[in-house]
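Please read the following note beside the sequence and the model. It is written for a reader who is new to protein structure.

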Amino acid sequence: MKAKTHALGYYRRMLAVQDHALKRVDEHAKILLFARNQEIPIDSEPMAHWYYVISGAVRRSAIRSDGRRQILDLMLPGDFFVVVNRNDNLTVEAIAENTALASYPGQRVEQLAQHDTGFAREVRDVAFQALSRIQDQLLIIGGVTAVEKVGSFLLALASRSSDGAGQVVLPLTRYDIAEYLAVSVETVCRSFTSLQQRGAIRLAGKRTVRIVNRNVSRKKAITNSCGSSVAAIPD
């Protein structure tokens with residue numbers, strides 16, 4: 001209990017120094033901690049609930065007709081997502097250990113947005129960012145080849161979570177990547193090996209990928225220079 005209280009305080013302080021759209025309602029935020037594969041509980045409130053990812057990663061997914069899971073949205077630190085109500089076909093889960101979220105009551109967000117046009121614009125921008133993530137995913141899944149899909153995914157991930165030196169710590173396993181790209185795990189492994197052999201990425205650690213040739217266009221990076229880093233990524 002003492003350790004959990006300490007952790008909650010740590011993430012509360014982390015939230016306090018982060019600049020984000022719902023900063024004005026931080027005092028109403030509840031800090032929630034999750035382990036990998038733990039489902040985010042859905043409240044029965046009629047108002048949409050807002051969440052901000054402080055650390056870790058979260059997936060929103062659905063089960064396809066063939067029984068496979070499809071990740072519909074991937075949320076990383078700094079991302080917001082909204083849960084309106086429970087849908088038996090959709091789940092929202094943490095996909096990394098020590099995932100910390102700030103949970104904002106939808107009613108409080110709506111009330112402030114109604115009386116503050118500046119805050120309302122910030123809420124609108126958050127919603128647009130969520131739509132942009134989904135649009136980017138559709139473009140990635142629409143890649144012609146599996147290697148192009150995996151290459152595009154890594155470039156998109158680097159743009160969202162790179163450390164500035166071109167290194168990306170993968171928050172998800174190869175199984176998660178397969179579910180995000182709607183391909184098999186074997187296809188993901190082969191694509192990573194192909195990218196490594198061509199020299200566009202480099203495996204810099206157990207789950208750290210370094211993107212090489214960052215200045216090349218997306219198409220070139222995927223089709224011509226893909227290959228400097230990913231052998232099979234461990235779970």
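The points below go from the whole chain to its helices, cores and sheet.

1. Basis of the note. This is a predicted model, in which local features need pLDDT of at least 70 and side-chain atom pairs count only at pLDDT 80 or more, while totals for chains, interfaces and linings use all residues. Residues are numbered from 1 along each chain as its sequence is written, and side-chain values use heavy atoms, with hydrogens and water left out.

2. Overall content. Seven helices and ten strands occur in the protein chain; these are DSSP runs numbered from the N terminus, with helices (H or I) of at least four residues and strands (E) of at least two. Of the 235 residues, 46% are buried (buried means under 20% relative accessible area, exposed over 50%, partly exposed in between, with a 1.4 Å probe and protein chains only).

3. Helix H2. Within H2 (residues 106-115), the buried residues are Gly106, Val109, Leu112 and Ala113. They lie on the same side of H2 because they cover an arc of only 135 degrees around the axis, the arc being that of the directions from the helix axis to the C-beta atoms. Gln114 and His115 are exposed, on the face turned away from the buried side of H2. The buried residues of H2 pack against strand E2 (49-55), strand E7 (99-104) and helix H3 (117-141).

4. The largest core. A nonpolar core is a set of buried Ala, Val, Leu, Ile, Met, Phe, Trp, Tyr and Cys residues joined through side-chain atoms within 4.5 Å. The largest has 31 residues, and Leu74, Phe153, Leu154 and Leu181 have the most contacts inside it. At least two residues of this core come from each of E4 (69-75), H4 (146-161), H5 (174-181), H6 (185-198) and E10 (208-211). H4 gives the most, with eight residues.

5. A separate core. Apart from this core lies another, of 19 residues, which includes Ile54, Ala102, Tyr104 and Val109.

6. The sheet. Three strands form an open sheet in the order E4-E3-E6, with antiparallel pairing; two strands pair if DSSP finds at least two bridges between them. E4 and E6 (90-94) are the edge strands, each pairing on one side only. E3 (residues 58-63) and E4 are joined over six bridges, and Arg60 stands opposite Asp73 in E4. H5 packs on the sheet and touches E3 and E4, where contact means heavy atoms within 4.5 Å.

Definitions and conventions. Axes fitted to C-alpha atoms, helices over the stretch in contact; angles between N-to-C directions.
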